[in-house]
Amino acid sequence: MATVELTFSALPAHVRTARLVATAIARRTGVDESLLDEVRLAVGEACSRAVEAHRAHCPGEPIRIELRDDSGRFEVTVSDQAPSDEIKLEQPLDLGMLSDSFMSGFGIAVIEGLADDVEVLPSPKGTKIRMSWPATVNVG
């Protein structure tokens, strides 16, 4: 299992870089070409949400992205450090149970439509959005 970690400051210009890195790693991991636009858009949406949250709550703290290939899946986790008022304990959420303000304000619904599998983990210490897509094993 290979992992790439990337941190960046809460500036909108860095979202483009995160999208490019995620797309390049997805391609190398074996994500089908037809899914690369979904990867790019979902990662961009998650990073934009994190930038917005950081600019409002903790502009000096970095946003963290973890990209990994794991058992035939390409997984991206975008972590912010902005506190969430929605949930007090870190636990996976049923996306259908989130409030409309949480869903519309942060683009979670868009991410859910783009990624094959999505998990949202809000906590008082920040929010993690984990997304994954099927990938084939590349040799070499």
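What we have here is a predicted model, in which local features need pLDDT of at least 70, side-chain atom pairs count only at pLDDT 80 or more, and totals for chains, interfaces and linings use all residues. Residues are numbered from 1 along each chain as its sequence is written, and side-chain values use heavy atoms, with hydrogens and water left out.

Back to Thr 23. This residue sits in helix H1, residues 13-29; helices (H or I, at least four residues) and strands (E, at least two) are DSSP runs numbered from the N terminus. Which residues does Thr 23 contact, leaving aside neighbours within four places in sequence? They are Leu 36 and Arg 40, with contact meaning heavy atoms within 4.5 Å.

Next, helix H2, which covers residues 36-57. Its 22 residues should span 32 Å at 1.5 Å a residue, and the end C-alpha atoms are 31 Å apart, so the two agree. The expected span is 1.5 Å times one less than the number of residues. Buried residues of H2 include Leu 36, Val 39, Cys 47 and His 54.

Now the whole chain. It has four helices and five strands, in the order β-α-α-β-β-α-α-β-β along the sequence. Of its 140 residues, 43% count as buried. Among contacts between residues at least 6 apart in sequence, 67% join residues at least 24 apart.

How values were computed. Buried < 20%, exposed > 50% of the residue type's maximum accessible area, 1.4 Å probe, protein only.
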